[in-house]
Structure formats: structure tokens, C-alpha cells
Amino acid sequence: MLPSKATLSGGALTLTATRLTTSTENSPSTPNAPIWYHSGAVHATTPPSSSTTSSPSTTSKANSAPRPAKASGPPSGPPASTPTGPPESDILEYVGDSTNLFNTWTKAAGENDPAERTPLPVTNPGAWHRYRLWMEKDGDDVLLDYYFDGQWQATHRGVGWAGIPQYLIINLQMGSWASGVEPGDPEWPQQPGPTGDTTFQARNVWFGRTCNW
């Protein structure tokens with residue numbers, strides 16, 4: 001991830017992933033995939049969380065126009081237990097085709113599949129669309145309502161999520177697990193994916209919190 005691969009113009013954020021002609025290094029993170037792309041990412045400076053007090057909810061929304069890479073995602077699995085690390089909610093995730101994946105991960109030890117996943121076929125994923133997540137505290141859990149173009153799509157439950165900080169990230173990840181290729185596969189050294197540039201755009205990104213007084 002390089003700062004030069006994240007640009008602002010005309011009120012829109014553009015992330016660009018560029019396929020390299022050769023791979024000269026591996027990712028420092030497990031599973032240490034060969035790096036074949038230089039891309040961009042944006043992170044919030046303060047990790048948000050759903051409060052452990054009575055204040056109930058946070059919401060995120062944005063307009064986005066993704067140009068997805070060629071890849072495939074992991075299968076869905078059974079509900080996981082209380083998280084042992086930062087939980088994860090995928091508000092917008094395209095993995096190789098025109099289906100957006102609303103994913104809720106609890107990050108339990110040994111659990112690699114999302115606790116809940118709602119796939120949504122999108123007619124034109126390259127056009128501007130509205131994505132929204134509304135999070136509401138429910139005891140020790142957090143309820144997550146996912147919306148697409150103003151229409152509710154699913155409610156997931158983040159088990160044990162209350163009060164756990166989460167990273168807020170917009171990125172364009174290429175290759176590795178996103179390509180459906182795992183260590184030991186013949187294609188692993190080449191990290192299959194599109195050549196040239198792949199781009200993702202976002203605008204009107206907003207994050208906020210509401211409270212009951």
C-alpha cells in the first residue's frame with residue numbers, strides 16, 4: 001500500500017492497484033504472499049467502537065464505484081464464538097464478480113469463515129451506488145443492518161462486539177486469499193489477477209454516532 005495510489009479529485013477518492021512486471025518481495029503478514037500489486041488504502045486515525053454504555057448506534061455510508069479484480073471468496077460458515085481479536089464488518093466487498101458481499105466476522109480463534117454473509121448481485125457494480133451500515137448495541141452484542149441504494153438487505157449479529165474498537169478502512173486488495181489461491185497451490189508464486197491498473201472510487205463517505213440521552 002503506497003500513498004501515491006490514493007488520490008482525491010473532484011470530490012472522489014480513487015484507489016489504484018497496479019500489477020507489477022515482477023515480484024521482488026513478499027508480504028510481511030501471514031501467509032507472506034508474493035507482492036504483485038502496488039495499491040492504496042485509507043485508515044481512520046481513531047478506531048471506532050459500539051459503546052459499552054447505553055448509547056446505541058453508529059452508522060457508516062458512502063457512494064462507491066468499484067472495478068473488481070478477478071478473484072473468489074471463501075465459503076460461508078457457522079456462527080463463531082466471542083471474538084478474540086478486532087471484529088470485522090465488510091460493508092462493500094467485491095471478490096471477482098458483480099456480487100457484493102456483506103460479511104460479519106467475529107475473528108474467533110481458528111475461525112476463517114464469516115459468521116454471517118449476505119451476497120447481493122449488483123446489476124452495474126461500476127456505477128455509483130450507496131452502501132450503508134447501521135450498528136446498534138444489544139447487550140454484549142452489536143446488531144448490524146446493511147443497506148444498498150437505500151434498501152435494507154440484511155441484519156447480522158456481531159457476538160460479543162460491544163466496546164471492541166475496529167479499524168475503519170477503505171482499500172483495494174489484490175491477489176493472495178482474495179484470488180482463491182492458497183500457499184502450496186501452483187499459482188501461488190504468480191498471484192493471479194488482472195494486468196495493468198484496477199481502480200476503486202468512493203465519495204460522500206460519512207461516519208457518525210447517535211446517542212440516547
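The dialogue below sets computed values against the cut-offs behind each term.

Student: What kind of model is this?

Tutor: It is a predicted model.

Student: What makes up the secondary structure of the chain, and how many strands are there?

Tutor: The chain has 13 strands and zero helices. Read from the N terminus, the elements run β-β-β-β-β-β-β-β-β-β-β-β-β.

Student: How many of the residues are buried, as a percentage of the chain?

Tutor: Of the 213 residues in the chain, 40% are buried. The chain exposes about 11500 Å², and 52% of that area is supplied by carbon and sulfur atoms. Among contacts with a separation of 6 or more, 66% are between residues 24 or more positions apart.

Student: How do you know that strand 9 and strand 10 pair?

Tutor: Pairing requires at least two bridges between the strands. Strand 9 (residues 129-138) and strand 10 (residues 141-148) have eight bridges, in the antiparallel sense. As one example, L133 has Y146 in strand 10 as its bridge partner.

Student: What lies between strand 9 and strand 10 in the hairpin?

Tutor: Two residues lie between these strands, and G139 in the turn has a positive phi of about 65 degrees.

Student: Why is the pair R157 and D138 called a salt bridge?

Tutor: The term requires a side-chain nitrogen of Lys or Arg within 4 Å of a carboxyl oxygen of Asp or Glu. The closest N and O atoms of R157 and D138 are 3.1 Å apart. That distance is within 4 Å, so the pair qualifies. Side chains of opposite charge can pair when their charged atoms come close.

Student: How many salt bridges does the structure hold, and what makes D138, D141 and R157 one network?

Tutor: There are two salt bridges in the structure. R157 also forms one with D141, where the closest N and O atoms are 3.0 Å apart. Since D141 lies in strand 10 and R157 in strand 11, this pair ties together parts that are 16 residues apart in sequence. The salt bridges share partners, and in this way D138, D141 and R157 are joined into one network.

Student: Which of these three residues are buried and which are partly exposed?

Tutor: Buried means under 20% relative accessible area, and partly exposed lies between that value and 50%. D141 has 16% relative accessibility and therefore counts as buried. R157, at 32%, is partly exposed, and D138, at 33%, is partly exposed as well.

Student: Is T16 buried or exposed?

Tutor: T16, which lies in strand 2, has a relative accessible area of 18%. This is under 20%, so T16 is buried. Beyond its neighbours within four places in sequence, T16 is in contact with residues including K5, H38, L172 and D197.

Student: What makes up the largest nonpolar core?

Tutor: It has 12 residues, including Y94, F102, L133, Y146 and W161. Membership requires buried residues of nonpolar type joined through side-chain atoms within 4.5 Å. Strand 9 and strand 10 are the elements that give two or more residues to this core. Strand 10 supplies the largest share, four residues. A second, separate core has nine residues, among them L13, Y37, L172 and M174.

Student: How do you know that N32 is partly exposed?

Tutor: N32 has a relative accessible area of 35%. This value falls between 20% and 50%, so N32 is partly exposed. N32 lies in the loop between strand 2 (12-19) and strand 3 (37-38). Its side chain reaches the backbone oxygen of S27 at 3.0 Å. Leaving aside neighbours within four places in sequence, N32 is in contact with N26, S27 and W188. The C-alpha atoms of N32 and P183 are separated by 9.0 Å, although these residues are 151 residues apart along the chain.

Student: Where does G196 lie, and what does G196 touch?

Tutor: G196 lies in the loop between strand 12 (169-171) and strand 13 (197-210). Not counting residues up to four places away in sequence, G196 touches A17, T18 and R19. At 36% relative accessibility, G196 counts as partly exposed.

Note on methods. Residues are numbered from 1 along each chain as its sequence is written. This is a predicted model: local features need pLDDT of at least 70, side-chain atom pairs count only at pLDDT 80 or more; totals for chains, interfaces and linings use all residues. Side-chain values use heavy atoms; hydrogens and water are left out. Buried means under 20% relative accessible area, exposed over 50%, partly exposed in between (1.4 Å probe, protein chains only). Contact means heavy atoms within 4.5 Å. Accessible areas come from the Shrake-Rupley method with a 1.4 Å probe; for residues, only the protein chains shown count as cover. A polar contact is a pair of N or O atoms within 3.5 Å; within protein, one must be able to donate a hydrogen and the other to accept it, and residues adjacent in sequence count only if both atoms are side-chain atoms.
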